Amino acid sequence: MTKPTKNFILRMDADMMNAIEAWAADEFRSTNGQLQWIITEALRKAHRLPKKKLNNEKLDEK
């Protein structure tokens, strides 16, 4: 079962977008996938993810 997603508009300058697109290409991800990864990592490091998400990640690491 896939989790529902929420769409939104994100505005950024061209230089930042170019850097994200290049980073995504280097890691064989889509630009959207790269942005999701960047945001997830920032939330994880700030301990801002819901508890369920953190517990699932710990299980994945084992």
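Colleague: In which helix of the chain is confidence lowest, and in which is confidence highest?

Modeller: This is a predicted model, and the chain averages a pLDDT of 88. A score of at least 70 is reached by 82% of the residues. Helix H3, residues 51–61, has the lowest confidence, with a mean of 61. The highest confidence, at 98, belongs to residues 14–26, that is, to helix H1.

Colleague: How many helices and how many strands does the chain have?

Modeller: Read from the N terminus on, the elements of the chain follow the order α-α-α. The count for the chain is therefore three helices and zero strands.

Colleague: What share of the residues of the chain counts as buried?

Modeller: A residue counts as buried when its relative accessible area is under 20%. The chain has 62 residues, and the share of them that counts as buried is 13%.

Colleague: At what angle do the axes of H1 and H2 cross?

Modeller: Two packed helices are described by the angle between their axes and the distance between the axes. The axes of H1 and H2 come within 9 Å. Their crossing makes H1 roughly perpendicular to H2, the angle being roughly 95°.

Colleague: Which residues of H1 and of H2 make this contact, and how do they divide into nonpolar, polar and charged?

Modeller: H1 contributes Met 17, Ile 20, Glu 21, Trp 23 and Ala 24. From H2 come Thr 31, Gln 34, Leu 35, Trp 37 and Ile 38. The residues of the contact of H1 with H2 divide into seven nonpolar, two polar and one charged.

Colleague: Is Gln 34 buried or exposed?

Modeller: Gln 34 is located in helix H2, which spans residues 31–45. Its relative accessible area is 0%. Because the limit for this class is under 20%, Gln 34 is buried.

Colleague: With which residue does the side chain of Gln 34 form a polar contact of 3.1 Å?

Modeller: Leaving aside neighbours within four places in sequence, Gln 34 is in contact with Ile 20, Trp 23, Ala 24, Glu 27 and Arg 29. One of these residues also has a side chain joined to that of Gln 34 by a polar contact of 3.1 Å. That residue is Arg 29.

Colleague: Which residues does Trp 23 touch, not counting residues up to four places away in sequence?

Modeller: Trp 23 belongs to helix H1 and counts as partly exposed, at 35% relative accessibility. In sequence, Trp 23 and Gln 34 are 11 residues apart, and their C-alpha atoms are 7.7 Å apart in space. Once residues up to four places away are set aside, Trp 23 touches Gln 34, Trp 37 and Ile 38.

Colleague: What is the phi of Phe 28?

Modeller: Most residues other than glycine have a negative phi. Phe 28 lies in the loop between H1 and H2, and at 80% relative accessibility Phe 28 counts as exposed. Although Phe 28 is not a glycine, its phi is positive, at about 55°.

Colleague: Where is His 47 found?

Modeller: His 47 has a positive phi, near 55°, and is a residue other than glycine. Its relative accessibility of 66% makes His 47 count as exposed. His 47 is found in the loop between H2 and H3.

Methods. Residues are numbered from 1 along each chain as its sequence is written. Side-chain values use heavy atoms; hydrogens and water are left out. pLDDT is the predictor's confidence in each residue, from 0 to 100. Helices (H or I, at least four residues) and strands (E, at least two) are DSSP runs, numbered from the N terminus. Buried means under 20% relative accessible area, exposed over 50%, partly exposed in between (1.4 Å probe, protein chains only). A polar contact is a pair of N or O atoms within 3.5 Å; within protein, one must be able to donate a hydrogen and the other to accept it, and residues adjacent in sequence count only if both atoms are side-chain atoms. Contact means heavy atoms within 4.5 Å. Axes are lines fitted to C-alpha atoms, for helices over the stretch in contact, and angles run from 0 to 180 degrees between N-to-C directions. Angles under 35 degrees count as roughly parallel, over 145 as roughly antiparallel, 65 to 115 as roughly perpendicular and the rest as oblique. Ala, Val, Leu, Ile, Met, Phe, Trp, Tyr, Cys and Pro count as nonpolar, Asp, Glu, Lys and Arg as charged, and the others, Gly among them, as polar.
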